[in-house]
2 protein chains.
Amino acid sequence: MAFKTDIEIARAAQKKPIQEIGAKLGIPTEALLPYGHDKAKVGQEFITSLKDRPDGKLILVTAINPTPAGEGKTTTTVGLGDGLNRIGKKAAVCIREASLGPNFGMKGGAAGGGYAQVVPMEDMNLHFTGDFHAITSAHNLLSAMIDNHIYWGNSLGIDERRVTWRRVMDMNDRALRDVVVSLGGVANGFPRQTGFDITVASEVMAILCLASDLADLERRLGDMIVAYTRDKAPIYCRDLKADGAMTVLLKDAMQPNLVQTLENNPAFVHGGPFANIAHGCNSVIATRTALKLADYVVTEAGFGADLGAEKFMNIKCRKAGLAPAAVVIVATVRAMKMNGGVAKADLGAENVAAVKAGCANLGRHIENVAGFGVPVVVGINHFAGDTEAEIAAVKDYVAALGSEAILCRHWAEGGAGIEELARRVAELADGGGAAFKTLYPDEMGLMEKIETIATRIYRAGSVTADAGVRAQLKAWEEAGYGHLPVCMAKTQYSFSTDPNLRGAPEGHVIPVREVRLSAGAGFVVAICGEIMTMPGLPRVPASETIRLNAAGLIEGLF
Amino acid sequence: MAFKTDIEIARAAQKKPIQEIGAKLGIPTEALLPYGHDKAKVGQEFITSLKDRPDGKLILVTAINPTPAGEGKTTTTVGLGDGLNRIGKKAAVCIREASLGPNFGMKGGAAGGGYAQVVPMEDMNLHFTGDFHAITSAHNLLSAMIDNHIYWGNSLGIDERRVTWRRVMDMNDRALRDVVVSLGGVANGFPRQTGFDITVASEVMAILCLASDLADLERRLGDMIVAYTRDKAPIYCRDLKADGAMTVLLKDAMQPNLVQTLENNPAFVHGGPFANIAHGCNSVIATRTALKLADYVVTEAGFGADLGAEKFMNIKCRKAGLAPAAVVIVATVRAMKMNGGVAKADLGAENVAAVKAGCANLGRHIENVAGFGVPVVVGINHFAGDTEAEIAAVKDYVAALGSEAILCRHWAEGGAGIEELARRVAELADGGGAAFKTLYPDEMGLMEKIETIATRIYRAGSVTADAGVRAQLKAWEEAGYGHLPVCMAKTQYSFSTDPNLRGAPEGHVIPVREVRLSAGAGFVVAICGEIMTMPGLPRVPASETIRLNAAGLIEGLF
């Protein structure tokens, strides 16, 4: 087979009209709100009508800690969906939407890769159905209303130094990280220091992805804390009366987007919160809708299983009442080698010893995920240079743990290359072996929740936090937020907070530098390291070469 | 007939699928890119295929100077389109898109009113097809690339004090008018003072509305001047290599949007530049497409005829090679009374003398428009309280000028109420009486162009400008921009620069305070008064009461 790039493959896709894709799931044409011929939103009325139907089986695709070698988590999610359809199952995939801004820095990404992709790829890397623009508008309306309230007399007594609500833009723009607004005199308000985050870091994004419907969305938006008074009393979004208008701005964005895989199977692509300061999963409404319509729903969570699967279980599933029936952990021979100490430049050479050494990282994730009471299977995402001996080393290692690793060739072969994994996943999901449980109960104290994740998932020896952080957590418990889950913001590259520490470290220290309350989303964020919420552009941004060519095709974006 | 609000009427509309509306103009279904069931973009390939077809007749709807009494220019545009269709003509209307931000300050507007509206009204006041979001993204990508260029070494030698390119947001947010960006130290760049405008004030908006196709769009974007060096040499968008990526972001936004009137006639709603610092007309591509598909195309221009029609003729028609076949000037009895000195509170009482006195404003506009070589007819937009004697006074006044005023009841009766005007307009357009000419030739000097508009249209006695302004105009002439038309930014409420001076003043002074070069859009802006490019929210913004009600309908937006 001649080598083609992801975009070449995507452009060659024989897409079907989106109404045909919807019909595969029993969605009537009139319940689809089309955006062009290959994208549609599923109507709320139809979604509501499904509520008494039984749910299909939910399958989470997660991964080892990411390495520069690449894992292919989305690729495997999409491939597994196609594989399940190929073996005669009614399956859909649920993945996140891409953020526009970063595509102008580094090249944009496919949704999946090779012959396991979701299309239309160009649209998904650009404005798509406008969801992120709606979130930007809703977020910034609240920002404008806060400064407007202060301007017109500040009857709520907002302390201008304690406005925690910033503004957002879906753009990599470091100049906006830290700004002073309202300069220019009396007509423009009271100058104060603030900044912009990228849209995906907005609490509005996290809320959209956790809300069950528009009423829940509005309630959660109202619950957001946006500022404090001089006495440190919280000011809620509701106090500004912004929640209703924000909901109106988000009413279409709340409806899940339906697209298709290269093999014309249904894919829901909806929402895309940060995976560090937020929970990194596609929307609850998309997942729930897919579960009503398909027998198997394959979804993924951001980063490796230590962050992604943990948040999927402890935040998304807990809050949405979901329970996964099976989990796939994606690993690659190359990534095992890197975990085993091999540099990226040397990945081409067979190195079974390094693979074996690196498997500790995979083993730790298997053990962690199994701890949630869900059957686990490993999917080895095949790369052309993998040797038989290396693949066998991974399989043997996983088998020794009582699990199973299955080689998958979906990147090169599409659904046909992942049938074995699809069969095994269906067996596991149908086998009733899952007895899902979260890692900690709601009643546990906030600091103890952090410590539980740190010691049981990261295998840290201890958690450090200064008195201020501990006092803040106590204060939130007293204010009635103690029941919330915690959302860990830490490097995705290691179980520790040192991104260079691969493998399966233990006994390390997790320092909690700062905690934040996302009262509307419904979690407490524990920040364990530097977290960037507004990226910058590189020296030579991709945007310098992005253009339409003479044939009207986009160049440079991929 | 029971009184219904605009939104009640709009919601009760019996909308047809947008494919049926397209079919009325001969647009095949596959050439329509649907956005839901009642909005679509017209595909570029189809538009290109029309290029050898003959053009229909272009009819401009303009108005007297706006007063608080209301004129109903858009209402008349929409009504006239319906009226033409009713009398058996193949007609389409072309109007502007609404800006999102201002709807959260004051209540949003219908596109038209009463029984002469374009629908879906809610969508048109919210995200619509995402065009303005795309413009915001394209504009701010360039902003980010400018600061990024400076950050990484500034090889172009941009003077940070002379970056003229600001950022935009489609929001009324006075706190963003004047800001300092890039605070926070080395990692965030070089602090400098700048600000945000509302999206409709972006030069990108003006360009999108003047560009003939994507290639022309890209060229114009590249031509924009974004900054100067310390030696005052211009830095172009092209120098930053942002034009290609901006074009990619705008590729869908460039395609005209098709919607429908309440009477299921086709309406193109595309683009919406400011009518002061820009030319205030819907897009050239929409107008041209409509002209290829319909026999009569009814369009409008922002504000009264002194600003709107003048710019339509001297900027849009000149640059796009368009020629109007007839012009309708909208007037109301109430507005004539206000021009005749009656206060808004006293408009209820009959006052024929005031109507007669106020007609001077209308007369001036008739004379001005006739000067462009185009036949003129006046449409009196009927209000319930108008008396026979008042209406007769307007008709007599206009007849004495050798023109004609026709009473129109489209607000209350839809197309049926405006058949007489429709018949007359069709006669005028078909009569071949038009010999369109612009007010000034390209070769005229920039200052002389300003003086020509001021003396011939505004009937000013003189134009004042300080030496700096005159030197700047000279410098632009020397730099090759002397052939550009001028775009006057002045109050819309008077022929003068005093918004309280109604009627038909003459001999006043027009002070040019500042000039700006929109090198990509292709005009020189002459600013004659305070121009606000970022509105603020009022004390009690509409957003405080906007919400979805229990039935899922939007409340408070209209």
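Student: Before looking at any feature, what should I know about the model and its numbering?

Tutor: This is a predicted model, in which local features need pLDDT of at least 70 and side-chain atom pairs count only at pLDDT 80 or more, while totals for chains, interfaces and linings use all residues. Residues are numbered from 1 along each chain as its sequence is written, chains are lettered from A and ligands numbered from 1 in the order in which they are written, and side-chain values use heavy atoms, with hydrogens and water left out.

Student: Why is strand β4 of chain A described as largely enclosed?

Tutor: Strands (E, at least two residues) and helices (H or I, at least four) are DSSP runs, numbered from the N terminus. A residue is called buried under 20% relative accessible area, exposed over 50%, and partly exposed in between, using a 1.4 Å probe and protein chains only. In β4(A), residues 91-95, five of the five residues are buried, so the strand is largely enclosed by the rest of the structure.

Student: Which residues of β4(A) lie on each side?

Tutor: In a regular strand the side chains alternate between the two faces of the sheet. In this strand, Ala91(A), Val93(A) and Ile95(A) are on one side, Ala92(A) and Cys94(A) are on the other, and both faces are covered.

Student: How many bridges join β4(A) to β16(A)?

Tutor: Two strands pair if DSSP finds at least two bridges between them. Four bridges join β4(A) to β16(A), in the parallel sense, and Val93(A) has Val298(A) as its bridge partner there. With β15(A), residues 266-269, the pairing is also parallel, over three bridges, and the partner of Val93(A) in that strand is Ala267(A).

Student: In what order do the strands of the open three-stranded sheet come?

Tutor: The order is β7-β12-β13 in chain A, with antiparallel pairing. The edge strands are β7 (158-163) and β13 (234-236), each of which pairs on one side only. Between β12(A), residues 225-229, and β13(A) there are three bridges, and Ala227(A) has Ile235(A) as its partner in β13(A).

Student: Is His139(A) buried or exposed?

Tutor: His139(A), which belongs to helix α6 of chain A, is buried, with a relative accessible area of 4%. Contact means heavy atoms within 4.5 Å. Leaving out residues up to four places away in sequence, His139(A) touches several residues, including Trp165(A), Ser202(A) and Met246(A).

Student: What span should helix α16 of chain A have?

Tutor: The expected span of a helix is 1.5 Å times one less than its number of residues. The twelve residues of α16(A), 419-430, should therefore span 16 Å, and the end C-alpha atoms are 16 Å apart, which agrees. Buried residues of this helix include Leu421(A), Val425(A) and Leu428(A), and among the elements that cover its buried residues are β3, α4 and β16 of chain A. After the helix comes Gly432(A), whose phi is positive, near 75°.

Student: Which residues does UniProt list for "binding site"?

Tutor: UniProt positions are given in the numbering used here, feature names are shortened, and annotations may be inferred rather than shown by experiment. The unreviewed UniProt entry lists several residues, among them Gly72(A) and Thr74(A). Gly72(A) sits in the loop between β3 (57-63) and α4 (73-86) of chain A and is partly exposed, with a relative accessible area of 23%. Beyond its neighbours within four places in sequence, Gly72(A) is in contact with Val330(A) and Asn381(A). Thr74(A) lies in helix α4 of chain A and is partly exposed at 21%; apart from residues up to four places away in sequence, Thr74(A) touches Ile95(A), Ala111(A), Gly112(A) and Glu300(A).
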